[in-house]
Amino acid sequence: MSAAEGPLVVGVDTSTQSTKALVVDAATGRVVASGQAPHTVSSGAGRESDPREWWDALGEALSQCGEAAHEAAAVSIGGQQHGLVTLDGQGEPVRPALLWNDVRSAPQARRLIDELGGAKAWAERTGSVPSASFTVTKWAWLAEHEPEAARAVKAVRLPHDYLTERLTGEGTTDRGDVSGTGWWASGTEEYDEGILARVGLDPALLPRVVRPGEVAGTVRDGHGLPFSKGTLVAAGTGDNAAAALGLGLRPGVPVMSLGTSGTVYAVSQRRPADPTGTVAGFADARGDWLPLACTLNCTLAVDRVAALLHLDREAVEPGTDATFLPFLDGERTPNLPHSSGLLYGLRHDTTAGQLLQAAYDGAVHSLLGALDLVLDADADPSAPLLLIGGGARGSAWQQTVRRLSGRPVQIPEARELVALGAAAQAAGLLTGEDAAAVARRWNTAAGPVLDAVERDEATLNRITGVLSDAAPLLERDATSH
């Protein structure tokens, strides 16, 4: 390993599919070592994972980093949002974690909205209208469907909280991740005891919310990882807040992340409260806000369509009037949890490549439809759209976003922005800097800019029309027929 200019820090991204670890030079942002290990996610009606797999994957990822991980002076963990981790009195999982993309709690979400005064009241209270992704709905589902498991729970955590607690021995979370639970009041920045009482969750089971820049704890003995005892542990945060840190985002700069889920977000200094529920009023990891819209179907859904058509994911062809809504896992934006994929407008001369392009168009349409709601009214409409996530490297994704947005598109060269954001958070503990300022010093957002092209209004309008006409069909619960 070549000599580092500053102390080393570790940033972790524990995502839906895998855990990634980066060892980063805090002075320069140079990635000194990296590792990655996979997780198992259940298929079928639910989406679940054993949290102990995340810990094992973290150990494997760190072991791939070699001696550099042992030299780290601070560590921070970014993780998939919303997941419900339930622990017993010994800190062991009561059952597998319910992940963000498990939509079985859609009935509980609808009921909770009604019981607590409607969508507008929820938005004003928590910043968001809960969907089946939100942790509060998952707890309500668990209490209803698995009451014995719910009674056995002695601690409730989010995925990043679980790993941080195994490092430090202390139950902590942060404002960025806790803002996606549905039981944290964004106005007071405290747990909402009224909501907790409604779902029968004791506030004593929840972790302490660590403030931005505060140390969550230090690495304890007996963890089995290559960190030295006493290594500083930052608060960590949810994956989108971590990626915002990793980009060093300033207010008003739009981001589109193309991964298992698709998201659009921007940092705002105004607390969001969208009564339509399209925009989740998340907090960021610094003290500002991160209004965000999320779709459940992004790269995995489009890749599945490519596989069904026996095509490479880049084998798109232009020139079709076919519309494909790739809602293969139900959908969150628009809020259609029981929907499935829908194809309309198929003709004799429609090619497989055109169908694949239609799937890309359908996925991007959902994200762009929420972008104007995410951005503050005074945001610059000509500012480049930062395109990140695994899909951002694909030409078909780049060109689809460019054509349907009408904006210039910038593709940061830095990879693993969630882990880099966590690393910046860890570095801030050592230097006293704001984590986003650390990332800007590292120049993480640098990358090529694709010029704006004329916005394809015809395709956008066609998809909007099909979606509107098909809404009654897409809203049906297939299990009830």
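The lining of the largest pocket divides into 17 nonpolar, 19 polar and 10 charged residues, where Ala, Val, Leu, Ile, Met, Phe, Trp, Tyr, Cys and Pro count as nonpolar, Asp, Glu, Lys and Arg as charged, and the others, Gly among them, as polar. The model is predicted: local features need pLDDT of at least 70 and side-chain atom pairs pLDDT 80 or more, whereas totals for chains, interfaces and linings use all residues. Residues are numbered from 1 along each chain as its sequence is written, and side-chain values use heavy atoms, without hydrogens and water.

On a 1 Å grid over the protein atoms alone, a pocket is an open set of points with protein on both sides within 12 Å along at least five of seven lines, a cavity is a set where a 1.4 Å probe fits but cannot get out, and lining residues have an atom within 4 Å of a point. The largest pocket holds about 1000 Å³ of space, a volume being the space filled by probe spheres set on the points, which are joined across faces, edges and corners. Of its 46 lining residues, Lys20, Leu258, Gly259, Gly389 and Gly390 lie nearest the centre.

Zero disulfides (pairs of cysteine sulfur atoms within 2.5 Å) were counted. The sulfur of Cys294 lies 9.0 Å from the closest cysteine sulfur, in Cys298, and is therefore too far for a bond.
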